[in-house]
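Dear colleague,

I am handing over the structure that we talked about, and I would be glad if you kept it open while you read. My notes on what was found follow directly below it.

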Amino acid sequence: MQNIDRRGFLAALPALAAGRPWLAPARPPRRVFTVQGPVSPAALGTALVHEHVLVDFVGADKVSRQRYDADEAFRTVLPHLLALKERGGRTLVECTPAWLGRDPALLRRLSEASGLHIVTNTGYYGAAQHKYLPAHAFDESAERLAERWTSEWHDGIEGTGIRPGFLKTGVDAGPLSPVDRKLITAAAICHRRTGLRIHCHTGDGRAAMDILTVLEGQHVSPAAFVWVHAQNEKDRTLHLRAARAGAWIELDGISEESREAHVSALMDLARAGYLGRALISQDAGWYHVGEPAGGRFRPYTFLFDGFLPALRRAGLAEADVRTLLVDNPARLLGVH
């Protein structure tokens, strides 16, 4: 038995009386898994939690890295990442799933060249009537799908050694189809094994409520769920309901056209006391595979140039902006 002095023994008595372990092992520090390896959540700085670098909409049965020139994509995207960095951005969460153009090696090259942290994902995307699901996703059990995603967490993605920093999935409008329900169940199993948050493209508020029910049945906290594209649900009482339960409310797709609607939705959350559950991003970028030179690439800069000034005019303080862009992403992405 470990020797302790009298003072140490007396200090330990309250814990012993409460039935708590005397020398319980400390939990490991939280880390964020980027394409260049783990970092402290505090290192993320200003983070955009939902953006894209490259996407291929051809469908899971045809998607292939042979369909694009990674060097051309690199040259196209890098200036946009550098423009983000010039505005104070330090982290980009890249939400393109497997079978839709996810390319961890390209993301690592861009991270190294830009000096930005970039975070990629595991998981499958079931929205758009399952066009982007591989054939095995229809036949395999939720347990087997979770094993696939957990393997990427433990071993890295496709031999690159790059580990995912979150789980990305997607469902259509509710009620959840059997396949979509299986994807959420698999995500819950993977979350329990890895701690990765479940970022889910969600067709509407009904689907979001169904997801929370599935997670409850899997004994997973609502805090594991990020309601992606929550701005598309116009009944904002559902935003408040999900936030009250503990879910993350992601208002992404921010653009010049959506500015006022996004400001209004965010201020509703702030007035209700849920700014600490809110996430904002642009859903921008998109080197489109199959289009000449990647098509029209939407920069990552409007949030800084046009949206944050509008938030400040609406009454958000600098501390609130920091909550949205620094504190919330750090809490969201950190895992033990």
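Helix α5 (residues 142-155) gives the most to the lining of the largest pocket, namely three residues. Helices (H or I, at least four residues) and strands (E, at least two) are DSSP runs, numbered from the N terminus. Please bear in mind that this is a predicted model, in which local features need pLDDT of at least 70 and side-chain atom pairs count only at pLDDT 80 or more, while totals for chains, interfaces and linings use all residues. Residues are numbered from 1 along each chain as its sequence is written, and side-chain values use heavy atoms, with hydrogens and water left out.

The largest pocket has a volume of about 280 Å³, and of the 16 residues that line it, R65, A98, W99, R102 and E158 are the closest to its centre. A pocket is found on a 1 Å grid over the protein atoms alone, as an open set of points where a 1.4 Å probe fits, with protein on both sides within 12 Å along at least five of seven lines, and lining residues have an atom within 4 Å of a point. The volume is the space filled by probe spheres set on the points, which are joined across faces, edges and corners. By class, this lining has seven nonpolar, four polar and five charged residues, where Ala, Val, Leu, Ile, Met, Phe, Trp, Tyr, Cys and Pro count as nonpolar, Asp, Glu, Lys and Arg as charged, and the others, Gly among them, as polar.

The second largest pocket holds about 180 Å³ of space, and of its 16 lining residues the closest to the centre are H52, F57, Y125, H201 and W286. Strand β3 (residues 46-55) gives the most to this lining, with three residues, and the classes come to nine nonpolar, five polar and two charged residues.

Some of these names return among the aromatic rings, where ring pairs link F57, Y125, Y132 and W286 into a cluster. Rings of Phe, Tyr and Trp (its six-membered ring) pair if their centres lie within 6.5 Å, and planes under 30 degrees apart count as stacked, over 60 as edge-to-face and the rest as tilted. The structure holds six aromatic pairs; one of them, F57 with Y132, is edge-to-face, at 6.1 Å centre to centre and with 65 degrees between the planes. F57 lies in the loop between β3 and α2 (70-86), and Y132 in the loop between β6 (121-122) and α4 (136-139), 75 residues apart. Y132 is buried, because its relative accessible area is 8%, whereas F57, at 35%, is partly exposed; buried means under 20%, exposed over 50%, and partly exposed in between (1.4 Å probe, protein chains only). F57 also forms a stacked pair with W286, at 5.5 Å centre to centre and 20 degrees between the planes, and W286 sits in strand β12 (residues 285-288), 229 residues apart from F57.

Finally, in helix α8 (residues 236-245) the buried residues are L238, H239, A242 and A243. They cover an arc of only 135 degrees around the axis (taken from the directions from the helix axis to the C-beta atoms), and therefore lie on the same side of α8. The face turned away from that buried side carries the exposed residues T237 and R244.

With best wishes
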